[in-house]
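Thank you all for coming; I would like to take a few minutes to walk through one structure.

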Amino acid sequence: MTIDGVLMFRNVKSTAVAAMLCAVTGAALAGCDEGSESEAEAPKSSANAEAGKEASSGAEKITVEGHSVNVSCSGEAAEDQPVVVLLPGLGDDVSKMADLQQTLSEKTKVCSYDRLGQGESDQPEDVQTLDSVDKLLTGVLDNVAEDRPVVLAGHSLGGLLAAQYAPAHTDRVVGLVLMDATPPSTLDDTKEAIPESASGPAAELRAQTIAMYSGENPEMLSLEGAKVGSAGDMPVEVIEHGQPYLAELPEYGELLEKAWGEGQRKWLELSENSNLTTASESGHHIYVDQPDVVVEAVERVLAEAGK
């Protein structure tokens with residue numbers, strides 16, 4: 001993606017398009033680094049600011065697969081209690097979910113980390129695959145959780161990556177919380193909803209989604225091969241947004257909103273023990289708009305995993 005391309009997408013004015021770019025293509029390309037709609041309407045509270053500072057000051061560098069990876073952990077886990085690991089969206093760093101991390105860490109150990117191409121971690125040398133991202137996550141878990149079980153809680157693309165990882169690692173992942181996780185079908189859904197003949201913001205969204213899926217994103221991550229797998233009876237909490245912002249896109253928005261909702265329900269197939277919650281007052285950034293919904297979902301998974 002060229003600098004001109006980045007600037008073009010930062011200048012998109014439509015709320016629906018900007019939000020969809022946040023959901024699909026990540027903060028650094030879509031200009032989502034300023035936060036969700038709720039964040040834009042009001043300045044960050046002093047508590048949020050302090051949480052961000054604490055997450056940054058508490059971070060440390062570890063070496064995984066020959067790369068320097070930035071990791072932040074808070075709280076302590078009781079004996080045999082799972083460690084919660086947060087996975088932010090594409091282009092976001094550990095500070096983005098710092099407030100959620102601090103809240104959850106009152107009851108257990110909670111960690112987050114910058115994937116390659118994020119925050120203070122190394123930049124990738126080449127296009128990353130789902131397999132290489134999995135290896136990095138395994139190395140992080142070896143460091144922050146050691147032999148303890150883990151619960152993965154991912155937002156947007158972070159949710160997709162958590163859902164890709166869990167089915168093959170049920171020996172250590174004991175629960176999932178997916179916050180408006182990007183469905184594997186998003187590329188096909190977008191191409192089906194928005195034809196090549198489209199113009200304006202819709203055409204920009206279509207082009208950016210195609211580019212992102214092939215690796216033209218801050219993490220140089222290709223999503224080829226993403227799918228909904230099976231994690232047995234692992235407790236899985238799926239949280240979808242309740243404010244239909246995608247529908248605001250003229251002509252194509254209703255189709256995108258419907259496809260995104262169907263994608264959230266598709267995630268329920270990950271497990272025989274899955275549950276869907278709608279954050280009725282939230283846009284895409286559920287952990288900002290309705291953090292209590294996320295906290296309750298994580299606590300349910302922790303309780304279920306501990307049975």
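This is a predicted model: local features need pLDDT of at least 70, side-chain atom pairs count only at pLDDT 80 or more; totals for chains, interfaces and linings use all residues.

Let me begin with the covalent link. The structure holds 1 disulfide, and the two residues that it joins are cysteine 73 and cysteine 111, with an S to S distance of 2.0 Å. The link between cysteine 73 and cysteine 111 is right-handed, with 110 degrees about the S-S bond. As for where the two ends sit, cysteine 73 belongs to strand β2, residues 67–74, while cysteine 111 belongs to strand β4, residues 110–113, so that the pair links distant parts of the chain, 38 residues apart. The two ends also have their own accessibilities: cysteine 73 is partly exposed, because its relative accessibility is 28%, whereas cysteine 111, at 2%, counts as buried.

Now to the charged pairs. How many salt bridges does a search of the whole structure find? That search gives 7, and I will discuss some of them here.

One of them is between the side chains of glutamate 219 and arginine 115, at 2.9 Å from N to O. Glutamate 219 is in the loop between α10, residues 200–213, and β7, residues 236–241, and arginine 115 is in the loop between β4 and α7, residues 130–144, so this pair ties together parts that are 104 residues apart in sequence. Are these two partners buried or exposed? Glutamate 219 is buried, at a relative accessible area of 0%, and arginine 115 is buried as well, at 2% relative accessibility.

Arginine 172 is buried, at a relative accessible area of 13%, while aspartate 142 is partly exposed, at 42%.

That brings me to the helices, and I will start with α8. Of the 9 residues of α8, 9 are buried, so this helix is largely enclosed by the rest of the structure. Among its buried residues are Leu157, Leu160, Leu161, Gln164 and Tyr165. What do the buried residues of α8 pack against? They pack against β3, residues 83–87, helix α7, β5, residues 150–155, and β6.

Next comes α9, residues 186–193, which I will describe with two partners. With α11, residues 253–266, the axes come within 9 Å and cross at roughly 155 degrees, and α9 and α11 are therefore roughly antiparallel to each other. This crossing of α9 and α11 is right-handed. At the contact, Thr186, Asp189, Thr190 and Ala193 of α9 meet Leu255, Leu256, Ala259 and Trp260 of α11.

The axes of α9 and α10 come within 10 Å, and they too cross at roughly 155 degrees, which makes α9 roughly antiparallel to α10. The crossing of α9 and α10, however, is left-handed. In this second contact, Thr186, Leu187, Thr190 and Lys191 of α9 meet Arg206, Thr209, Ile210 and Tyr213 of α10.

Finally, two backbone angles. Glutamate 65 is not a glycine, yet it has a positive phi of about 55 degrees; it is placed in the loop between β1, residues 59–64, and β2, and it counts as exposed, at 57% relative accessibility. Aspartate 80, also a residue other than glycine, has a positive phi near 70 degrees. Its place is in the loop between β2 and β3, and aspartate 80 is exposed, with a relative accessible area of 63%.

How values were computed
Residues are numbered from 1 along each chain as its sequence is written. Side-chain values use heavy atoms; hydrogens and water are left out. A disulfide is a pair of cysteine sulfur atoms within 2.5 Å. Helices (H or I, at least four residues) and strands (E, at least two) are DSSP runs, numbered from the N terminus. Buried means under 20% relative accessible area, exposed over 50%, partly exposed in between (1.4 Å probe, protein chains only). A salt bridge is a side-chain nitrogen of Lys or Arg within 4 Å of a carboxyl oxygen of Asp or Glu. Axes are lines fitted to C-alpha atoms, for helices over the stretch in contact, and angles run from 0 to 180 degrees between N-to-C directions. Angles under 35 degrees count as roughly parallel, over 145 as roughly antiparallel, 65 to 115 as roughly perpendicular and the rest as oblique. A crossing is left-handed if the near helix is turned anticlockwise from the far one by less than a right angle, and right-handed if clockwise. Contact means heavy atoms within 4.5 Å.
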